[in-house]
Amino acid sequence: MKHHAFQFHGADLVARADRALFWPSQATLVVADLHLGKGTRQARRGGALLPPYAEEETLDRLAAVLTATQARRVIVLGDAFDDGQSLSELPARTRDTLTRLADTRDWLWVAGNHDFAADWVGSGLPGRAVNETEVQGLALRHVAGRGPDISAHFHPAVRFVGNRRPAFLIGAEHLILPAFGCFTGGLDATDPALASLIGRGLAVLTGRTALAVPWPLEPARV
């Protein structure tokens, strides 16, 4: 699996093909928008049913990345859970898996717009919950704010030569991660909300290999 190494405000980072961001000098893995419990929430509200293995697949992928990178710190950039009730209703198997993954690691849950720091109080889950954090002068938060920052929220995706792929978007002041969770959907990177944050920069498409392309794309490559 080929990944893309790049620099962002003095930090040497790796945009991985599996949609995770690795920060080697910090031994830190950053993932975003797991949306655990999405299927349960949608069923609760009478929405479309998701495959029952979605959570298991998401956490299996996360475990594989942790094994590959040997990260000692994990930062989840918000919307780890689809809502507060999803967090409190976690199946025992999912809870046990999260506990095992967090064992011996510094695990940080950044609050999102679906899950809030207060939701973790009394949850019994490992790790710490914060509204945002800072590493080496870079703010890490769920929604982009004052840069330079690393954020999530939008689930960016890029259509490239006929295929639509989750993507990292890298601008002058903002680095936006794709959603790591399965069946989370995505917002087209040409959407004004993303275009206004990134301007001219780089998109790193994920999949079997990480493909870095100038952003915005030339019309012939869309």
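Author: A polar contact is a pair of N or O atoms within 3.5 Å; within protein, one of them must be able to donate a hydrogen and the other to accept it, and residues adjacent in sequence count only if both atoms are side-chain atoms. This is a predicted model, in which local features need pLDDT of at least 70 and side-chain atom pairs count only at pLDDT 80 or more, while totals for chains, interfaces and linings use all residues. Residues are numbered from 1 along each chain as its sequence is written, and side-chain values use heavy atoms, with hydrogens and water left out.

Reader: Good. Where is T206 found, and is T206 buried or exposed?

Author: T206 is found in the loop between β15 (201-205) and β16 (211-215), where strands are DSSP runs of E with at least two residues and helices are runs of H or I with at least four, both numbered from the N terminus. T206 counts as buried because its relative accessibility is 2%, the cut-offs being under 20% for buried, over 50% for exposed and partly exposed in between, with a 1.4 Å probe and protein chains only.

Reader: And which backbone oxygen lies 2.7 Å from a polar atom of the T206 side chain?

Author: That is the backbone oxygen of P166. If neighbours within four places in sequence are left aside, T206 is in contact with R16, A17, R19, R165, P166, F168 and P178, contact meaning heavy atoms within 4.5 Å.

Reader: You mention R19; what is its phi?

Author: R19 has a positive phi of about 85° although it is not a glycine, and R19 is found in the loop between β2 (11-15) and β3. Most residues other than glycine have a negative phi, and most peptide bonds are trans.

Reader: What about T104, then: where is it, and what is its phi?

Author: T104 is found in the loop between α4 (92-102) and β6 (106-110), and its phi is positive, near 70°. T104 counts as exposed, because its relative accessibility is 72%.
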